[in-house]
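Here are my notes on the model. Please read them with the structure open.

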Amino acid sequence: MERSDKKMKPHDIVVVGAGVFGAWTAHFLRQSGASVILLDAYGPANSRASSGGETRVIRMGYGPDELYTRWAVRSLPLWREFAARMGREIFQQTGVLWLSNDADSYLRNLCSVLAQAGVEREELNGDEIARRWPQLSFHDVTWGVLEPSSGLLLARAAVQSLVRELVENGVAYAPVAAEIPRGEGRLAEIQTSTGESISAGTFVFCCGPWLPKMFPGLLRDRIFPTRQEVFFLGTPAGRADFRPPKMPVWLHRTHPDLPYALPDIEGRGFKIAFDRHGETFDPDTGMRVVGEPSLARLRAYLRQHIPALENAPVIETRVCQYENTWNGDFLIDRHPDFENVWIAGGGSGHGFKHGPALGEYLSARILQGAPAEARFSLSAKQTSQKRSVY
Ligand SMILES: Cc1cc2nc3c(=O)[nH]c(=O)nc-3n(C[C@H](O)[C@H](O)[C@H](O)COP(=O)(O)OP(=O)(O)OC[C@H]3O[C@@H](n4cnc5c(N)ncnc54)[C@H](O)[C@@H]3O)c2cc1C
């Protein structure tokens with residue numbers, strides 16, 4: 001592209017990417033007094049972004065993993081405060097139900113981590129689960145844990161409202177694509193798709209599944225975007241048993257495809273998906289249409305576990321992508337070639353809920369030199385996939 005030599009007003013910090021990670025990072029940077037400009041190529045929580053779509057689960061349990069439980073526990077009140085400021089039910093306390101069996105050490109560990117963290121939980125046996133949720137049929141489930149204070153977040157609404165609030169609080173927002181930064185040492189400015197350059201003291205790249213395109217040499221083998229399909233089913237007319245309070249969010253751990261479901265919210269339908277990683281996916285060019293084999297797999301699952309929805313119409317589908325690191329740990333670190341460039345991503349299918357904690361952590365790393373969590377470092381990221389964070 002021809003350069004026009006147009007220069008935007010300099011800022012302390014440029015944040016590239018207005019998904020949940022970029023928006024919350026901009027929020028905390030601004031709260032600390034920095035002047036911030038936020039850029040997005042396609043718009044906040046757009047339909048290609050990982051933060052797009054209707055809803056995301058917010059749960060406190062992460063099996064034995066104390067770090068993500070701590071971050072979820074930190075994030076929930078920040079989401080609640082934000083929802084109260086917006087006057088909108090961005091967080092909905094539907095409860096989150098883990099469905100498993102007695103042999104599941106993940107769930108046993110989850111219970112002790114939640115107990116240590118002071119998170120309320122209810123343990124239920126298979127009979128109690130069958131009695132409380134007769135619309136579900138899980139013969140393989142002998143044990144469950146309910147997190148009554150957890151629930152779901154209205155994803156797109158949350159990110160778009162947050163960006164509106166940022167702009168009201170003095171953050172500049174520009175609907176442009178940042179070009180790949182070149183050079184090394186100290187980055188002075190970045191170029192945009194509109195031919196402008198933006199200079200700043202610090203640059204933060206929160207480009208989700210686009211990070212491997214932004215930094216191919218560094219991240220092509222460290223972030224793996226995968227295709228993930230989501231179905232919204234029409235529930236029977238006039239029946240409340242697939243909506244809150246009769247239906248919580250649930251996760252079916254004993255099934256190899258790791259199904260999970262969210263209740264019908266705002267009349268969009270009962271949401272169901274499989275957490276197992278799909279094929280490699282390109283966030284710019286990937287077609288977002290689900291195929292017949294996926295529908296057949298879903299029908300087979302419904303027949304067995306949610307008979308009332310076996311023949312339910314599919315009223316909406318979505319194809320999104322996870323941006324997986326090798327094991328599911330986030331990547332939050334400085335770029336090794338630039339002293340003033342930061343990268344935050346690798347949400348790995350579980351990042352949305354942690355937006356507030358991530359923004360707070362990264363802002364403190366950048367502005368106050370707060371200590372680093374080793375698991376988020378670039379050096380901890382391996383190049384072959386072995387998922388261990390669920
Ligand atoms: C189907 C599905 C279900 C999920 N379920 C859950 C769940 O239940 N709970 C949970 O906690 N998490 C869940 N996740 C994960 C969570 O949604 C992601 O981890 C999170 O949204 C990642 O946010 P992000 O800001 O890193 O990326 P994104 O939301 O993708 O944001 C990146 C942004 O960067 C912009 N961008 C990219 N390149 C450029 C550029 N060069 N210039 C300018 N802008 C650029 C893009 O347009 C985009 O808006 C799920 C994800 C999917 C796909």
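1. Two strands pair if DSSP finds at least two bridges between them. Helices (H or I, at least four residues) and strands (E, at least two) are DSSP runs, numbered from the N terminus. Strand β4 (residues 91-92) is antiparallel to β8 and joined to β8 by two bridges. Gln-92 has Leu-152 of β8 as its bridge partner.

2. This is a predicted model: local features need pLDDT of at least 70, side-chain atom pairs count only at pLDDT 80 or more, and totals for chains, interfaces and linings use all residues. Residues are numbered from 1 along each chain as its sequence is written, and side-chain values use heavy atoms, with hydrogens and water left out.

3. β8 (residues 151-154) also pairs with β3 (residues 55-58), antiparallel, over four bridges. Here Val-57 is bridged to Leu-152.

4. Now the open sheet. Its eight strands run in the order β6-β7-β5-β13-β14-β15-β12-β16, and the pairing is mixed. β6 and β16 (314-324) are the edge strands; each has a single partner, so one side of each lacks a neighbour in the sheet. On average, neighbouring strands are turned by 20° against each other, direction ignored. Axes are lines fitted to C-alpha atoms, for helices over the stretch in contact, and angles run from 0 to 180 degrees between N-to-C directions.

5. β12 (residues 224-233) and β16 run antiparallel, joined by ten bridges. Phe-224 is partnered by Asn-324 of β16.

6. α3 lies across β5, β6 and β7, at about 30° to β7. Its buried residues (under 20% relative accessible area, 1.4 Å probe, protein chains only) include Tyr-106, Leu-110 and Leu-114. Their cover includes α2 (66-86), β5 (96-100), β6 (122-125) and β7 (143-147); contact means heavy atoms within 4.5 Å.

7. At the start of α3, a side-chain oxygen of Asp-104 comes within 3.0 Å of the backbone nitrogen of Tyr-106. Just after α3, Gly-118 has a positive phi of about 70°.

8. Around the ligand there are 36 residues (a heavy atom within 4 Å). Nearest are Asp-40, Ser-51, Val-57, Cys-320 and Lys-353. A backbone N or O atom of Ala-178 lies 2.8 Å from a ligand nitrogen. For Phe-352, a backbone N or O atom lies 3.0 Å from a ligand oxygen.

Conventions: Buried < 20%, exposed > 50% of the residue type's maximum accessible area, 1.4 Å probe, protein only. Polar contact = N/O pair within 3.5 Å; in protein donor to acceptor, adjacent residues only side chain to side chain.
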